[in-house]
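Visitor: Hi, could you walk me through part of this structure? I'm new to it.
Guide: Happy to, let's look at it together.

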Amino acid sequence: MNVKTKWWIIGPMAAVLMFWVLITVIPLYWMVIGSFQDSSASASFKPQMLPEVWSIAPYERFFMKTKALRWLFNSLFVSAVLTVTNLFFASLAGYAFAKLKFPGRTTIFWVLLSTMMIPAQVTLIPLYVLVINIFDLADTYTAIILPAVVSVGNVFLMKQYMSTLPTSLIHAARIDACSEFGIYWKIILPMAKPGLAVLAIFTFVAHWNDFFWPLLVTRSDEMRTIQVGLASFRFAESTDFGAIMAGATVGALPMFILFFALQRYFLQGITIGAVKG
Amino acid sequence: MARVEFRNVVKIYEDEKRGRFTAVADSSFVIEDREFVVFVGPSGCGKTTSLRMIAGLERQTSGDILIGDRVVNNLHPKDRDIAMVFQDYALYPHMTVKENLSFGLRNLKRPKDEIERKVAEVANIIGLTGMLDRKPRELSGGQRQRVALGRAIVRDPQVFLFDEPLSNLDAKLRVQMRVELAELHKRLGATIVYVTHDQVEAMTLGERIVVMNEGRIQQIASPTELYNHPQNMFVAGFIGSPPMNFMDARIENGQAHMEGVSFSLGDETARLLKSYEGRNVVLGIRPEHIYGDDFVPALAKSFTVQAQVQVIENLGAENLLYFRVGGRMVTARVKPETEARIGQLKTFVFDASKLHFFDPATEQRIGT
């Protein structure tokens with residue numbers, strides 16, 4: 001859009017966008033504000049834009065009454081491990097599907113893709129039986145992590161991304177006596193950073209926010225993730241809205257940090273300069 | 001350094017889209033030690049595939065490839081002792097110039113001081129000593145090209161492979177790099193295999209040129225030989241700019257008859273064309289061997305054609321005049337002082353000693 005675009009075009013567009021921003025931001029704002037005031041105020045039907053009395057008491061109650069720190073650690077641990085495994089395996093498989101020639105490449109890829117058509121709910125019960133009854137992994141990190149070590153969606157994403165990287169670089173590296181794994185590790189991965197960043201954010205967020213699977217396979221209070229923990233806390237302490245808001249704020253915070261830390265990768269194409277366009 | 005040999009090399013692609021496709025058909029040749037050989041031809045002629053088979057990036061369907069005295073069919077690219085410069089440079093974008101240059105040596109686990117020394121040497125050769133810490137995106141097109149060149153030189157390979165290395169540069173830089181490449185070849189004394197679709201590059205750089213078309217080698221010869229004795233109409237038409245003119249002629253009683261003009265062939269040529277008596281041939285002549293009637297040098301044998309000038313292209317040092325003989329458009333490269341107007345009926349003088357004859361069915365050269 002050029003600078004001279006008229007105000008009657010900009011004006012309505014800005015209004016629509018502002019409205020959108022309000023819809024998105026108000027619940028978050030409310031959550032944060034609610035976590036700093038006492039419970040009766042945060043449950044009120046007439047919400048206040050700012051608390052009359054600022055208080056960190058809700059946070060104290062949240063952390064005192066629950067195993068919140070343990071839940072946060074569990075969520076962090078599970079999400080971090082899954083992010084690393086997904087980055088590694090999805091990029092490895094994506095690279096193979098995009099750039100290596102091997103018999104059955106297309107067939108295997110389509111079989112993998114077709115599994116994306118199956119709704120997660122369909123596989124949930126067999127998966128549960130497998131993990132809990134057969135492998136006997138109930139209430140362990142392994143149970144939460146194992147089924148999500150790599151997702152087909154991520155493999156697909158990485159394959160698409162890797163396809164855009166110039167093949168001549170791989171050939172150059174091969175001539176430069178680089179091993180096949182070396183090509184992946186030293187050439188492909190650094191160039192795939194923007195794609196990996198996107199994948200990291202989505203994977204981390206998805207698993208941080210994951211609720212149903214951790215709920216199914218965990219039993220003890222110690223093994224709960226923050227989302228499962230928050231839900232159980234809500235049922236147990238249904239009147240303490242302040243503490244619930246504090247918990248929700250604590251649960252959402254890492255997502256904001258992650259996004260702002262990695263957002264530049266969305267904007268930056270790292271292959272500029274590799275190949276003349 | 002080393003020679004490169006192809007023995008009956010065939011490359012067939014089995015492609016889901018195109019089906020069976022012969023990229024290189026039964027190719028045999030020898031590139032001598034320290035020779036600069038250029039593969040030239042239109043796109044899809046199999047020249048790049050040939051180069052990639054030497055590099056080991058593609059496996060031939062049948063036949064043997066030798067580098068030095070070794071059959072390299074089953075050798076990985078890194079074990080073939082070759083280096084390649086790619087059309088798009090293929091510089092590693094996340095590495096500095098220095099890291100790009102040293103990447104191969106580091107992979108070969110060479111000692112650190114040796115790597116340092118070689119990188120410094122090569123940086124000096126390619127004139128980028130002050131830019132070793134820059135990333136490729138901070139360099140101009142010409143500088144990137146030099147880094148790609150440096151990355152090949154630093155490996156000190158037996159054979160250099162160039163895949164259209166100048167095609168991404170602008171015209172001025174291309175001429176400059178062409179001269180530098182020729183100098184580099186002298187300096188390194190290396191065996192160089194160079195692929196291009198640009199016949200000017202081929203003529204100026206190659207000691208010998210391999211002309212390819214549709215997967216087949218058309219002719220292997222020195223630039224002069226290619227220019228003066230093209231083996232078939234494809235080579236004749238591909239080498240030289242503007243390309244050689246072709247005209248249809250009928251041979252009868254030691255004379256060649258074209259539309260509107262007949263001329264005597266002379267004893268020697270008549271002997272050559274004896275078996276074509278009463279048949280058609282294709283007559284070829286280069287544009288510089290046709291003269292306007294106002295500037296004719298002393299010619300041993302010549303004939304004249306009267307034709308209407310259709311188009312005039314003024315190139316400064318020379319003019320190109322286009323006119324029709326029979327159904328074919330013919331180009332004459334004449335002195336700029338030659339008087340000509342579009343539509344003018346002009347007499348053109350053909351140097352009959354510079355004629356080429358081709359069989360219209362096989363398109364092969366008649367005689368030597």
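**A sheet in chain B**

Guide: Asp248(B) stands opposite Val282(B) in S14(B). Keep in mind that this is a predicted model.

Visitor: Okay, how do S11 and S14 of chain B pair up?
Guide: Strand S11 (residues 245–252) of chain B and strand S14 (residues 280–285) of chain B pair in the antiparallel sense, and six bridges link them.

Visitor: And how many bridges join S11(B) to S12(B)?
Guide: Three, and these strands run antiparallel; S12(B) covers residues 255–258. Glu252(B) is the residue opposite Gln255(B) in S12(B).

Visitor: What do S11(B) and S12(B) form?
Guide: A hairpin, with two residues between the strands. In the turn, Asn253(B) has a positive phi of about 50°.

Visitor: Let's carry on along the chain. How do S12(B) and S13(B) pair?
Guide: In the antiparallel sense, over four bridges. Here His257(B) stands opposite Ser262(B) in S13(B).

Visitor: Now the whole sheet: in what order do the strands come?
Guide: The order is S13-S12-S11-S14-S20 in chain B, which makes five strands in an open sheet with antiparallel pairing.

Visitor: Why is one side of S13 and of S20 left without a neighbour in the sheet?
Guide: Because strand S13 (261–264) and strand S20 (356–358) of chain B stand at the edges, and each has a single partner strand.

Visitor: How are neighbouring strands turned against each other?
Guide: By 35° on average in this sheet, with direction ignored.

Visitor: One last thing, what do strands of a sheet pair through?
Guide: Backbone hydrogen bonds, in either a parallel or an antiparallel way.

Technical notes
Residues numbered from 1 in each chain as written. Chains lettered and ligands numbered in written order. Predicted model: local features only at pLDDT ≥ 70, side-chain atom pairs only at ≥ 80, totals over all residues. Heavy atoms only, no water. Pairing = 2+ DSSP bridges. Axes fitted to C-alpha atoms, helices over the stretch in contact; angles between N-to-C directions.
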